[in-house]
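Subject: Structure handover

Hello,

Here is the structure for you to look at. My notes on what was found follow below it.

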Protein chains: 2
Amino acid sequence: MGSLQNQKPDNGFSGTMKPLDPEEFRRQGHLVIDFLADYYKNVEKYPVRSQVEPGYLKKRMPDSAPHDPEPIEEILRDVQKDIVPGITHWQSPNYFAYFPSSGSIAGFLGEVLSTGFNIVGFNWMSSPAATELESIVMDWLGKMLDLPSEFLFSGGGGGVLQGTTCEAILCTLVAARDQMLKKIGRENINKLVVYGSDQTHSALQKAAQIAGINPQNFRAVATTKADAFGLTAEAFRETIESDIASGLFPLFLCATIGTTSSTAVDPLSPLCAVAEEYGIWVHVDAAYAGSACILPEHRHFLNGVENAHSFSFNAHKWFLTTLDCCCMWVKDPSALVKALSTYPEYLRNKASESKQVVDYKDWQITLSRRFRSLKLWMVLRSYGVANLRKFLRSHIKMAKNFEGLIGMDKRFEVVVPRNFATVCFRISPLEFSGNHQIVSKEDAANNFNAKLLETINESGKIYMTHAIIGGEYVMRFAVGATLTENRHVILAWKVVQEHANALLTSS
Amino acid sequence: MGSLQNQKPDNGFSGTMKPLDPEEFRRQGHLVIDFLADYYKNVEKYPVRSQVEPGYLKKRMPDSAPHDPEPIEEILRDVQKDIVPGITHWQSPNYFAYFPSSGSIAGFLGEVLSTGFNIVGFNWMSSPAATELESIVMDWLGKMLDLPSEFLFSGGGGGVLQGTTCEAILCTLVAARDQMLKKIGRENINKLVVYGSDQTHSALQKAAQIAGINPQNFRAVATTKADAFGLTAEAFRETIESDIASGLFPLFLCATIGTTSSTAVDPLSPLCAVAEEYGIWVHVDAAYAGSACILPEHRHFLNGVENAHSFSFNAHKWFLTTLDCCCMWVKDPSALVKALSTYPEYLRNKASESKQVVDYKDWQITLSRRFRSLKLWMVLRSYGVANLRKFLRSHIKMAKNFEGLIGMDKRFEVVVPRNFATVCFRISPLEFSGNHQIVSKEDAANNFNAKLLETINESGKIYMTHAIIGGEYVMRFAVGATLTENRHVILAWKVVQEHANALLTSS
């Protein structure tokens, strides 16, 4: 085995540093793999939500970078001592917050290989395998989702791996914007209108800000509990009509399958029908729930996607692929390319000129891009379609179990119907009847549930986050961490009950 | 050691898949580390530029994802057989194309740890260590670059890790745009003007397109060989004055330290002085050359940065940190936050409300973000400032050696002064005197050098790319691959000479 001290490389460097010595790479690589294997072994023991205070790390670190090298063993000791306590353990089986960030061995190893090759895949030429594997895997995945063939390369469309949904929305919004401005003239940029519901992820608002959409023309159309917080075609049409009457130009709708707050589903078929009438680009954001749509029994949530322009979901959420990996498909890649391509001399090459290849730099915001498809390919091959389906079903079943436990305690209620593996629940306002003269039952429930959630999270035993849906403060229990088993769900429910008991007694 | 077949997890999943089993993680992790160690050992043997034809991979892959799991050993065999031939080997010591993508053991391991933890660090709360380490490391690095304290957290500014320079430019451009529109009114968005030189990276044009800047108001100010392809303050001022006379509003300048084509340097001090007069935001893009500015003898290239608004360089180019890792500093973080922040209910938390923490989601385009600072921290600690400096100097020295070799062959010429570790050279037009009646000497030289470069790259022995600078086709020899030693540079020169000899004889 080599070491940093061995053999002096002939690079005119008077030191002895060999930053890519294969044997030293091997030695240190094995150390870090063991470190992480032990981390997974112990992850259940750590408080799920980090318990450090703001500024904790500054106190433990020097003010400037070290002058001299430090050994990997010492660095790993510091990772354990200083970094791990500041981590919120998204890989813990007791992690039920936000949406999952479901790691897996295959997803991890795909990222490791990609990092090892460390190629910069901006165009086909810069590493053909990176582009070609991406196109192949996106067609595979499109078929698993039963996407209409117009979204696949084999059908004239195509898929691309973005980092996140924010990028997917921004890219498609810019494509739609430029298409529209070409028709109506650039002087009308301030009259373009972007639509979502009041449940749509903030990524849409941010993308609109970045793309230069007039903030006054951003519509978060109201939803109601009666419609399960889905955007109705009627409300959408009404908003459009009002905008047109004001002389504005409807541009873009982001419809969501599985909203962040409550996993609500916007009805694609009627929404796309309305959008088509007015020439509006529809992007379907299934960031979280897209994974579940590889299940035949859940595929109906995507019905209508055949009339959308673009579709995306995050394999890094609930599909065993590590961050970041947002899968996006478009029917008309040329719309993306027209809006996002640049072709400077220093990137010109025979393959691009031949038009026989995809240059993904023109499908995204950045030029440089990592070899992301490797990890997705390894997830698909290591687990196989059948097991991936079973695995997703196991999470949905666990969420159903949790729902069942809630149902047996009449103090609690499930606030919205569960569509996937996320349960929104709370202690019912009925528990507060007669106790509060000044605040309403609803307000009392909201305050209590917020306090309850904070005490639960402070315990470090489990971690959930909240949402406010239709004015109701709810706790979100999102099953999806890879290590979660049914025993963790049962334990989580006990933790909730215990904290509720204690807080109800003391209040 | 466990295996996929061992122990049935209690997650209601009838299969036997355990995608994060620690012992299976350990076993497979070690296999992949060994795979990569062997890759580095052998990387010199592969043709540097991939030699596959468009569509090669489709022929080797099935049309859809496998139904059943496949073992890691088989997948790795396919990586070796099908993927490696389609890779252009950026880690090869014979890679001199574009700019380097310099991997290192420390950078690799930092990414591996980050992938293993797989946290989603959008705000402080979601994993405090990710935010805090980033702020600390950005201050460390800012000090190494001798950035004015206004760019550091300790001085009221701050640093953030973007993915790429494209994102850095887009974020700062949007911040500048919104600041300006607040003053002059949104109705003037089509009158905003963005400035760069004809040498500025295409990232600026793309960012302007995305941010909704009128394409007619994108200025690529001409540079000349006499000014070493730097943007002069005079030309900049002239362009501004003409725009103002046309009723436009000057907005943003991207000045470059080390352009992509020829590593030209825009003179920051005079450019910032002009920009200040007209209230123009100056972003300094030192994507490639920023690394070299940690050398005291190169720091003068950054003189004047104290009057810029923002600064970025890519640690993933020439700083031993794997893709992606763009280090960006701003003097006024609030300008970024105003333009890029959203704060939906489901992300609200005590720490953010307290205003004691940085929420990096408001400093960038996307919400989700990886734990990028780990790799930069590990690079700084594993190698130390002194060795990093020596290492960069070794590359500069090797580039100088290459320049010396060129100087000894009078058929060749170095086309622009070498500022860093990239040499732009060609066979001189003088070699073609008298041979060509129809095309000029210059055209003949351009055609010949293009043909020469293609034959060199086709040989697979080394890989260089080209640029056209002031109408002259040049070969770019960028030293910076981590494994490159002086013997590779000497060999590369022999390869160039041999191909030149052969082509000159046959033509």
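A residue is called buried here if its relative accessible area is under 20%. Please keep in mind that this is a predicted model.

By that cut-off, helix 4 of chain A is mostly covered, with 16 of its 17 residues buried. Helix 4 takes in residues 128-144 of chain A, and the distance from its first C-alpha to its last is 25 Å, close to the 24 Å expected at 1.5 Å a residue. Just after helix 4, A:D146 has a positive phi of about 55°.

Helix 6 of chain A covers residues 202-210, and eight of its nine residues are buried, so the helix is largely enclosed by the rest of the structure. Among the buried residues are A:L204, A:K206, A:Q209 and A:I210. A:G212, which follows helix 6, also has a positive phi, near 80°.

Now the domains. Chain A is divided into domain 1 (22-45 + 51-86), domain 2 (120-370) and domain 3 (387-506). The centres of domain 1 and domain 3, taken over C-alpha atoms, are 35 Å apart. Where the two meet, four residues of domain 1 are in contact with six residues of domain 3. About 250 Å² is buried between domain 1 and domain 3, and carbon and sulfur atoms give 40% of that area.

One salt bridge is found across the interface of domain 1 and domain 3. A:E44 and A:R487 form a salt bridge, with 3.6 Å between the closest N and O atoms.

Regards

Terms used
Residues numbered from 1 in each chain as written. Chains lettered and ligands numbered in written order. Predicted model: local features only at pLDDT ≥ 70, side-chain atom pairs only at ≥ 80, totals over all residues. Heavy atoms only, no water. Buried < 20%, exposed > 50% of the residue type's maximum accessible area, 1.4 Å probe, protein only. Helix = DSSP H or I, 4+ residues; strand = E, 2+ residues; numbered from the N terminus. Expected span 1.5 Å × (residues − 1). Domains from an automatic or database assignment. Contact = heavy atoms within 4.5 Å. Buried area = accessible area lost by both parts, 1.4 Å probe. Salt bridge = Lys/Arg side-chain N within 4 Å of Asp/Glu carboxyl O.
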